Amino acid sequence: MKKTISFLLSLLLLAGMFFTGNLSVAAEEAKMPSAPDFDFENDYMYGDYNAHSLADEDHQGKIETFEDKEIVYEIINYDHLLEILNSEGNYLIQFSGSWCHNTRALAPAVQKLAKSYGIEKIYMYDFHFDNKADGNTFIRMTNGKENVGVNYNYMYGEIISQYLDNLDDWVEYPSSTEAAITYTNAEGKETTVARLQEPFLFLYNKDNKENNSSADVERDKYPIIYAFEEMVDRDANGVYVSKKDANGEVIKDAEGNPEREYITEAFEGRLEKLFQFIKDNKIEVASYDKVAALKSKFPSLADADELALYPINYAQLVWLLDQPGKTYVLFANPSDDAINKMVGELNQKALDANVKIYLVDNRTDAGIVAKWNYKDRESTDFLTDDGMLKFMKEDLIARFFTNLDAKDLTPGTLVAYQIDAVDTDGFPAPVVDVTSNAADLDRVLASLK
């Protein structure tokens, strides 16, 4: 007992701890993720991409991706992508993720050019559920492959078949090649589509009727107006190019790190043609508000004047849970009436409490493919205990929600989380409070104060 008391006193003295309920929580208040003005999108892009870059010494030689947090990219989920593809206007979209070293290398050049040409947003979607380098959940896979993602390759296939039917004109591996992607559609028929390589950056308008590619193919529409698909230049060792002086020596900054130059001037010139095309043709690039889109997704939010909820995907959630500070996470989708009602109540309570709630749809397709009459396929819900994606839930429990019973993490669950929280015995207890009952929302919201 004395040892326990001494241990707790030491923690109090060293870390400046205070008690919340039966848990002791670090008093550090800097940039809490739960704060309404926390800039999640830019913090995520900067933190996640740079962490991947610095860890990948083989390819990137410890050169970061982003120098600052003024980033043009915004991550979107599958339902957001579908809404954009069905919307009027011109959109810049990039298929890629931080797991991809070519994406990380290309990003600084895209960032620089976008800013110089007045582009405010590029929407990024990744055909990868959990962003892990092993590619197990990568869905841009052809029938016959053995990863988990191949069971969901129709999600990739339908995007190409329904919306990007001129992808053949812009990629190295069109549908006529052996490297193309074959998936089984809702009718049980094998369908072959082009295989794009990440990163794939393109300008999109669903109603475009002008062919701007070098392919002389007659189509009713050309929804991909202009695209760029090219892997980044590397040196003889496979490392991305760094700045060099007249003697061929790598130029380093004051801290001894190589100065960034992921790509050559010639490569950047080819990339710039996309942005120059936008400028020359006076194309106005449209914007999309994924927070406002929650109002159409959840009926209980339809009349809300303000939203305290912020939608994120699974990969963003994993990054978020690894950050210091206080965080509220809600796992929810609108398919259940009770959950939908709770979401509306929680939004108002969060506004009153002046906190932000991160909303994660537990369905990797956001329920979209059911509308395409796909039946008898593996569940897209990662919170099911018997589905093919259950390992994603298991990973959350093992890595972050270590004091939470798996049976208590279900759709409709609100989690109050702090990575460095401990219980009264000094053991890690990052889940400060949790509920799936609307009557307990006030208690959970108060648990991190």
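Reply: Happy to. Buried means under 20% relative accessible area, exposed over 50%, and partly exposed in between, with a 1.4 Å probe and protein chains only. Helices (H or I, at least four residues) and strands (E, at least two) are DSSP runs, numbered from the N terminus. This is a predicted model, where local features need pLDDT of at least 70, side-chain atom pairs count only at pLDDT 80 or more, and totals for chains, interfaces and linings use all residues. Residues are numbered from 1 along each chain as its sequence is written, and side-chain values use heavy atoms, with hydrogens and water left out.

Me: Great. How many of the six residues of strand β13 are buried?

Reply: Six of the six, so β13 (residues 413–418) is largely enclosed by the rest of the structure. T413, V415 and Y417 point one way, while L414, A416 and Q418 point the other way.

Me: Which strands does β13 pair with?

Reply: Strand β11 (residues 326–331) pairs with β13 in the antiparallel sense over six bridges, and A416 is the bridge partner of Y328. Strand β15 (residues 431–435) also pairs with β13 in the antiparallel sense, over four bridges, with Y417 opposite V431. Two strands count as paired if DSSP finds at least two bridges between them.

Me: Changing topic: where is the kink in α5?

Reply: At A107, shortly before the proline P108, and it is about 35 degrees. The bend at a residue is the angle between axes fitted to the seven residues ending there and the seven starting there. Helix α5 (residues 101–116) is mostly covered, with 13 of its 16 residues buried.

Me: And what follows α5?

Reply: G118, whose phi is positive, near 75 degrees.

Me: Now the voids. How many cavities turn up?

Reply: Three of 30 Å³ or more, in a search of the whole structure. On a 1 Å grid over the protein atoms alone, a cavity is a set of points where a 1.4 Å probe fits but cannot get out; lining residues have an atom within 4 Å of a point. The largest cavity holds about 350 Å³ of space.

Me: What lines the largest cavity?

Reply: 28 residues, with N77, H128, F129, N313 and Y314 nearest its centre. The largest share, three residues, comes from α2.

Definitions and conventions: On a 1 Å grid over the protein atoms alone, a cavity is a set of points where a 1.4 Å probe fits but cannot get out, and a pocket is an open set with protein on both sides within 12 Å along at least five of seven lines; lining residues have an atom within 4 Å of a point. Grid points are joined across faces, edges and corners, and a volume is the space filled by probe spheres set on the points.
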